[in-house]
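Hi,

Here is the structure I said I would pass on.

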Amino acid sequence: MGFSFMERYYNFGSEEPFDDTDLEEIGERVKHMNIIAHAQGFFYHIKGMGIRVEDPGTSKKFYEVAIEKFGEALNSDPNNKEILLSIALTWILWIEEDYSDTNAKFNRHDPKVKKAEEYSLRAISADPKYDAFSLFRYAQFLEHCGRLDGAEDYYLQSLEADPNNPGCLHCYGNLLTEKGQHEEAEKLFIRSSKTTIGKKHWP
């Protein structure tokens, strides 16, 4: 690519921090997005994830821009489930960067946590309503918040919608282990290890 994105890497004030040639580096998925702002948001989301270990400060800036772009896309389609879920997941990534201890629970009074929950619930309610993936992701979020009973409820709802989601089976098993229900957890781990259907849903 003639003009590298890295030449604009830290210039978040640029009027044109993104151009169509950048999309070529992301892959086929972006080519099918019908809203350019959503594609831009996805691009920054991926960029943030790519440098979160070596440069968490800059990854947060990418998440911030991603959320801004997703918001622009949402203005023209307020009930788009994919955009709502993209915003929720980006907020969650940003929150994770704020916690150096990976075992720390999210503070439910944190404004970012409130935003993540808001968009997660909106994604669940958007058509098609109560899909397995949105329910699964919200269950994970609640577990990170230490709200284990709520997380269990949403893991069960997700498994009701998709009983063969190995990621959900495994995560729910981890939650039951944390609650001391080891026998039930082991059954879920066995189901997860035997399941090949729905592997695209692994977190």
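Starting from the N terminus, the elements run α-α-α-α-α-α-α-α-α. That makes nine helices and zero strands. Before you go further, bear in mind that this is a predicted model.

Some overall numbers, in case you want them for a quick check. The protein has 203 residues, and 47% of them are buried. The exposed surface comes to about 10900 Å², with carbon and sulfur atoms supplying 50% of it. As for contacts, if you take those with a sequence separation of 6 or more, 56% are between residues 24 or more positions apart.

Two packed helices are described by the angle between their axes and the distance between the axes, so here are both. H6 covers residues 132-144 and H7 covers residues 148-161; their axes come within 8 Å and cross at roughly 165°. Anything over 145 degrees counts as roughly antiparallel, so H6 and H7 are roughly antiparallel to each other. The crossing of H6 past H7 is left-handed.

Which residues make the contact between H6 and H7? On the H6 side they are Ala132, Leu135, Phe136, Tyr138, Ala139, Gln140, Leu142 and Glu143. H7 brings in Leu148, Gly150, Ala151, Tyr154, Tyr155, Gln157, Ser158 and Ala161. Sorted by class, the contact has eleven nonpolar residues, four polar ones and one charged.

- Gln140 sits in helix H6 and is among the residues that touch H7. Its relative accessible area is 13%; the cut-off for buried is under 20%, so Gln140 counts as buried. From Gln140 to Ala151 is eleven residues in sequence and 6.6 Å in space, C-alpha to C-alpha. Ala151 is one of the H7 residues in the contact listed above.

- Gln40 is in helix H2, which spans residues 36-50. Gln40 is buried too, with a relative accessible area of 13%.

Cheers

Methods. Residues numbered from 1 in each chain as written. Predicted model: local features only at pLDDT ≥ 70, side-chain atom pairs only at ≥ 80, totals over all residues. Heavy atoms only, no water. Axes fitted to C-alpha atoms, helices over the stretch in contact; angles between N-to-C directions. Helix = DSSP H or I, 4+ residues; strand = E, 2+ residues; numbered from the N terminus. Parallel < 35°, antiparallel > 145°, perpendicular 65-115°, else oblique. Left-handed = near helix turned anticlockwise from the far one by under 90°. Contact = heavy atoms within 4.5 Å. Nonpolar A, V, L, I, M, F, W, Y, C, P; charged D, E, K, R; others polar. Buried < 20%, exposed > 50% of the residue type's maximum accessible area, 1.4 Å probe, protein only. Areas by Shrake-Rupley, 256 points an atom, 1.4 Å probe, with all protein chains shown as cover.
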